[in-house]
Amino acid sequence: MCHLHGSGLSFSGGAFGRRTLLAGAGGVLATAALPSVAAAVPRVLSRTWAIVGATVFDGIRSVPDATVLIRGDRVVLVGRRGDVPLSRDIDVVDGRGRFVIPGLVETHHHLGGDTVDVRAANLSRMLGFGYTTVFDPFGSLADFATLKAYAAAPDTPVPRYLGTGPLLGSPGGWGDFGLTATKVVTGPEHAFEVVDQLAEAGVDAIKAANDDWFWGRLTLGTMPVDTQAAIVAAARRHGLRVFFHAPAKRLAAQALEAGAAGLLHGVLDEPVDREFLRLLGRTGASYVSTTIIFEVFGDLVGVVGRQQAYDRQGLVPAATYDALRGPGAIAEVESGVDPAVMRSFLPMLRANVEPVSRSGANIAFGSDGGSYGEAVGVASQFELVLNGLAGLSPRQVIGGATLGAARMLGRHDLGCLTPGKLADLVILSADPLADLTNLHFVDQVVRGGRLFSATDLRAARS
Ligand SMILES: [Zn+2]
């Protein structure tokens, strides 16, 4: 939930107090990290180069003993080694015993942190966990511009950064209770004005909220339907998609009817029935469950422990996990959410994932990360594991985290390793299709054709 994190957030009523330990893997609130991260230089390879001998899942199919041929920032082709002749003068990266998947795409992450430097460091951390694109649906326009510029440098070990800037809410609702990076949209006419401003600032999409906060301790007003529709109409004039925070089925359905391109949280309160699934199908909207953030609200200590158990290489310091589940963190979460109430919603949230997937609707994954109880990077991968536990196969999960996410964001140049796509990929030392928890074993990452070594990734995570 965006109100729990992101830059400059705090509840006017003090419901969640001020964030503390949201700095991520390092657990530090100190600024910096930009210079040290930028110092890691990707391995310089010939303009055309190849990864040879790996098992490749290109987003659609698996190819054993494959060659991935890359030129500049693009994939030239993926094929069986014997079918792809290579000239002698190109560099070859040995992929034997390795597993290649498209770069992971986080479709709901706020990067945490009090300053934009901390947020930038968290963005870099995400590359160290195999994320080559991060979509951040909340933040000030100043942070958006800074992070966008930071991520645009081709040699910096950092994912692509897509964002919405401020959240759009309504008077008496999400727009109007003290979040700094929100815009209050007073009605349809105002919606056009606000969306025009955001488009002018270069945002990648629009985020709006239609939520009475039934799952938390506050009661908020929802967004009038005509305002929702006006936001969508205004965004379409700029070619922008609108994604909604709307975890109640009734309010999510309203947003879909208004033209939402996706739901940034799963449906918490009711089963996704045939009518709702038909609506998802008819609109082509995407579904992002953000299971982990609700699991955290239900059992912060337990879910932090599960992330630490998942983190078998200890990529995040133990002290960070301890801080994430410390008394201060518990008090802050419980000031906004009653864990027992949240736990009552969790079976529904988990059960809704599989029918959405089976209906053919587009699924993507996001952790709502940079937030309470989430270790940056680990939490995003653990969200994928949780969706596996909710009934999706590893292939469905990795497909959603790559191709599904690219479709959601309208980035048809990302998400799979077919000819002409941007060369964003992850090289793993264990097979994630055999077991999703093997996503933990990221060895190297390629973003835009640049190879970031294990050493570069370690630096990015630190
Ligand atoms: Zn959020």
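I count two residues as in contact if their C-beta atoms, placed from the backbone, lie within 7 Å. The model I am reading is predicted.

**Entry 1: Arg325**

I looked up Arg325 with that definition. Leaving aside neighbours within four places in sequence, Arg325 is in contact with Leu300, Val301 and Val304. I then asked where Arg325 lies. Arg325 sits in the loop between α10 (318–324) and α11 (327–336). Is Arg325 buried or exposed? I found 20 C-beta neighbours inside 10 Å, so Arg325 counts as buried. The cut-off for buried is 20 or more. I also checked Tyr372, which is 47 residues away from Arg325 along the chain. The C-alpha atoms of the two are separated by 8.7 Å.

**Entry 2: helix α6**

Next I took α6, residues 249–258. How many of its 10 residues are buried? I get 8, and the helix is mostly covered. The buried residues are Lys249, Leu251, Ala252, Ala253, Gln254, Ala255, Leu256 and Ala258. I looked for what covers them. The cover includes helices α5 (225–237) and α7 (274–283). It also includes strands β12 (242–245) and β13 (262–263). Gly259 follows α6, and its phi is positive, near 110°.

**Entry 3: Ala260 and the core**

I moved on to Ala260. Leaving aside neighbours within four places in sequence, I list Val232, Val242, Phe243, Phe244, Ala255 and Ala285 as its contacts. One of these, Ala255, is also among the buried residues of α6. I then looked at the largest nonpolar core, which has 143 residues. Which of them touch the most other members? They are Val68, Ile206, Ile231 and Ala260. Helix α14 (residues 394–409) gives the most to this core, with 8 residues.

**Entry 4: the β6-β7-β8 sheet**

Last, I traced an open sheet of 3 strands, in the order β6-β7-β8. The pairing is parallel. For Glu106, the bridge partner in β7 is Val134. Helix α2 (residues 116–127) packs on the sheet and touches β6, β7 and β8. I read about 140° between the direction of α2 and that of β7.

Terms used:
Residues are numbered from 1 along each chain as its sequence is written. This is a predicted model: local features need pLDDT of at least 70, side-chain atom pairs count only at pLDDT 80 or more; totals for chains, interfaces and linings use all residues. A residue is buried if 20 or more other C-beta atoms lie within 10 Å of its own, exposed if 12 or fewer, and partly exposed in between; C-beta atoms are placed from the backbone. Helices (H or I, at least four residues) and strands (E, at least two) are DSSP runs, numbered from the N terminus. Two strands pair if DSSP finds at least two bridges between them. Axes are lines fitted to C-alpha atoms, for helices over the stretch in contact, and angles run from 0 to 180 degrees between N-to-C directions. A nonpolar core is a set of buried Ala, Val, Leu, Ile, Met, Phe, Trp, Tyr and Cys residues joined through C-beta atoms within 7 Å.
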